[in-house]
Each structure stands twice: as C-alpha cells, then as structure tokens.
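Here are my notes on the model, as numbered points. Please read them beside the coordinates.

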Amino acid sequence: MVSVVQNVAIDCADAYGLARFWSAVTGRPLHPEDKPGDPEVQVLLPEGPVLYFNQVPEAKTVKNRVHLCLRPETSRDLEVERLLGLGATLVTDRRNPDGSGWAVLADPEGNEFCVLRSESDRAAMTS
C-alpha cells in the first residue's frame, strides 16, 4: 500500500489573493467554486496534486523547508522577469555567467520558490 499526494498546502493570510497569484504563475484556473474571502482556495494543475491555499492567522516567519521549483516553457530569465511583474520578489540570484543555476523568488506573502532553466536553456548549454 502507498499514499497518494492529494495537494501541496500553502499557509497564507489571504487564500484567494495568493491563489490568484499562483494561478497567474501557472496559467491554471482556480477551483470554480472558490471566491474572494474564502479561507481555502485551490489552483487546479493539469496533472498531479492541486495547490491548496489555507488561510491561517500567523504570518510566515522563517525560510520554507519545502518549496516549489518551476521549469518555465520560455527561458528562465524571461520567466523571472514575468514573475517579478506579477508581484514576486527576488530573494537570491543563483544564476551563473555560463547560463547554469536558478533564481530564488518569493510570492507576495514571502513563500520562496525557484525558477530553473527551461528545456531550451538546458539544450543551449549542451550544444
């Protein structure tokens, strides 16, 4: 017997607002029954678990021990710029001059996530 991952839960102050940010990041919709003010909101990913946003009273205080890593369809650098435009902030820039590495960003509530190289970025380094 095994367990199946149902969702990735993210504690937050504004479940609907943060879910809207992640909906824009992933290009995936919110659950059709979710609305502003709901304490629990889901972003429906095409495969695997959903992103589940759970409103909690306490603020984030330390670095995430578990985080999301994104592999963009476009280049890593273009995606970092797009996400910054959506309201993310740059936490740590681990991109290297040779094109390797990643960028650590935070969502509007301070939850860290990484933006990795795209498949085309990776292919360009091997050719």
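1. Contact here means heavy atoms within 4.5 Å. Take contacts in the protein between residues at least 6 apart in sequence: 51% of them join residues at least 24 apart.

2. On provenance: this is a predicted model, where local features need pLDDT of at least 70 and side-chain atom pairs count only at pLDDT 80 or more, while totals for chains, interfaces and linings use all residues. Residues are numbered from 1 along each chain as its sequence is written, and side-chain values use heavy atoms, with hydrogens and water left out.

3. The protein has 3 helices and 7 strands. These are DSSP runs numbered from the N terminus (helices: H or I, at least four residues; strands: E, at least two). Along the sequence the pattern reads β-α-β-β-β-α-β-β-β-α. The C-alpha trace spans about 45 × 35 × 30 Å along its principal axes.

4. Of the 127 residues in the protein, 35% are buried. Buried means under 20% relative accessible area, exposed means over 50%, and partly exposed lies in between (1.4 Å probe, protein chains only). The protein exposes about 8000 Å², with carbon and sulfur atoms supplying 53% of it. Those areas come from the Shrake-Rupley method with a 1.4 Å probe; for residues, only the protein chains shown count as cover.

5. Helix α2 covers residues 76-86, and its buried residues are R76, E79, V80 and L83. Seen down the axis of α2, they fall within an arc of 105°, so they line one face of the helix. The arc is that of the directions from the helix axis to the C-beta atoms. L78, E81 and G85 are exposed, on the face turned away from the buried side. After α2 comes G87, with a positive phi near 120°.

6. What do the buried residues of α2 pack against? Their partners are α1 (15-26), β4 (68-70), β5 (89-95), β6 (101-106), β7 (112-115) and α3 (119-126). L83 itself touches F21, V25, L70, A88, L105, F113 and V115, leaving aside residues up to four places away in sequence.

7. The largest nonpolar core has 22 residues; W22, F53, L83, L105 and F113 touch the most other members. At least two residues each come from β1 (7-12), α1, β2 (40-43), β3 (50-55), α2, β6 and β7. α1 gives the most, with 7 residues. A nonpolar core is a set of buried Ala, Val, Leu, Ile, Met, Phe, Trp, Tyr and Cys residues joined through side-chain atoms within 4.5 Å.
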